[in-house]
Amino acid sequence: MEFELRPIKAVPPAEIDFDSLGFAFIPTEKMFVARYAGGKWTDHGLIAVSEFWMHPAGGALHYGQAIFEGTKARLTRDGEIVLFRVEDNARRMADGCRRLMMPVYEEGKFVDAVTQTVLANKEYMPTADQGAMYIRPVMFASGPVLGVKPADEYLFLVFVSPVGPYFKEGFKPIKLKISKEYHRAAAGGVGCVKAAGNYAAGMYPNSLAKEDGYAEILYLDVDNKHFEEVGAANFFLRKGDELATPSLDDKTILPGYTRSSVLQLAADEGLSAVARDVMLEELYEADECLCTGTAAVITPIGLVEVDGKEVTVGDGGVGKYSQIFYDKLNAIMLKEAPDKYGWVMTIGKK
Ligand code: PLP
Ligand code: COI
């Protein structure tokens, strides 16, 4: 390979406390690498999880050409290893690459790279009750640039780590803080793609929310009129039999696959499941609010701080439908309920 590698010592599975996994990187054995240079992708396949040197003028370092994905492998109770809607991650990364002028890594090959990486690290799969194997495909500009333009060289990596819940509360209602000062995205920007810079921009407002005892920021649109999303998850609000989530029309919100799955499950439950502007005032009348994402799965929202006041959502507990979506989604992901929509892909056995 044309870049220097320094392998990172994997933590042997026997030394991992799988019963108390959080959401932090644990080095496993293998990662997948492909490199783009000379106008084409070359797969280097699975190598030891390694550090590598980068060119100091690498485009990702100063102009932020970097994008990632997040998906999970689960272990069914029959010992099968399954992926959830991974083709959708492949498509979303390809869309993001086009927006950030990065070279698309072909979608079928993306799925294959994810599959290979999971299977090569299968000794690290937590059981269904312990958590999941989180999969992080990432692409960034490694080639040198000085003027603002797309780089000529890129790396695409896939690494994995066993994880437990994203929010330390687990499946318990979280407290969120609305910020009228900080915003995540504006129309025409890159809110709808998993650009690494979106997450850098959120760290400061998020740290303020955490200092005040909240799990995350709940973002509004730039005019502070309607909800957008949470820093790492989509937002839903239910009143009666309508379940609403902010629409994707302005391209300010990440089109989450847990979001679209929940819209489908809600319709199956007989709710009116809609994507529309969800106004801030609706919070005061909501029966329940929740957020959704690969890492967050279904997380109920018990309380929201807005303008210095705390608003309890519903009765502050786990909402009726949050529980239903959580149970149904988990059952589908673990092949314990029919996979009516073809969301689950079995890739092997542990
Ligand atoms: N919104 C943001 C900003 C995210 O980072 C994520 C996580 O990927 C989501 C929403 C949820 O998307 P998904 O359900 O596809 O994981
Ligand atoms: C995911 O849910 O997979 C995400 O990418 C969120 C992440 C920023 C932790």
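Analyst: Let's begin at Lys335, which sits in the loop between α6 (320-333) and β19 (344-349). Helices (H or I, at least four residues) and strands (E, at least two) are DSSP runs, numbered from the N terminus. The model is a predicted one, in which local features need pLDDT of at least 70 and side-chain atom pairs count only at pLDDT 80 or more, while totals for chains, interfaces and linings use all residues. Residues are numbered from 1 along each chain as its sequence is written, and chains are lettered from A and ligands numbered from 1 in the order in which they are written.

What draws the eye to Lys335 is its backbone: phi is near 60°, a positive value in a residue other than glycine. Most residues other than glycine have a negative phi. Lys335 counts as partly exposed because it has 16 C-beta neighbours inside 10 Å. On this scale a residue is buried with 20 or more other C-beta atoms within 10 Å of its own, exposed with 12 or fewer, and partly exposed in between, with C-beta atoms placed from the backbone.

Asp307 also has a positive phi, of about 50°, although it is not a glycine. Asp307 lies in the loop between β17 and β18 (309-312), and it is exposed, since 8 other C-beta atoms lie within 10 Å.

Strands count as paired when DSSP finds at least two bridges between them. Across this pairing, Lys177 stands opposite Glu305 in β17. Strand β10 is mostly covered, with 5 of its 6 residues buried. β10 also pairs with strand β11 (residues 216-220), again in the parallel sense and over 4 bridges, and here Leu176 stands opposite Glu216 in β11. The chain goes from β10 through helix α4 (residues 196-211) to β11, a right-handed β-α-β crossover. Right-handed means that, with the strands pointing away from the viewer, the path from the first strand over the helix to the second runs clockwise.

How does the length of α4 compare with what its 16 residues should span? At 1.5 Å a residue the span should be 22 Å, and the end C-alpha atoms of α4 are 23 Å apart, which agrees. The expected span is 1.5 Å times one less than the number of residues. α4 bends by about 40° at Met203, and a proline, Pro205, follows within four residues. The bend is the angle between axes fitted to the seven residues ending there and the seven starting there. Asn198, Gly202, Asn206 and Ala209 are buried in α4. An α-helix has 3.6 residues a turn, so residues three or four places apart point the same way.

One more stop is ligand 2, surrounded by Gly70, Tyr199, Ala232, Gly293, Thr294 and Ala295. A residue is near a molecule if its C-beta atom, placed from the backbone, lies within 6 Å of it. The shell around ligand 2 divides into 3 nonpolar, 3 polar and no charged residues. Ala, Val, Leu, Ile, Met, Phe, Trp, Tyr, Cys and Pro count as nonpolar, Asp, Glu, Lys and Arg as charged, and the others, Gly among them, as polar. Around ligand 1 there are 13 residues, of which Leu254, Gly256, Thr258, Gly293 and Thr294 come nearest.
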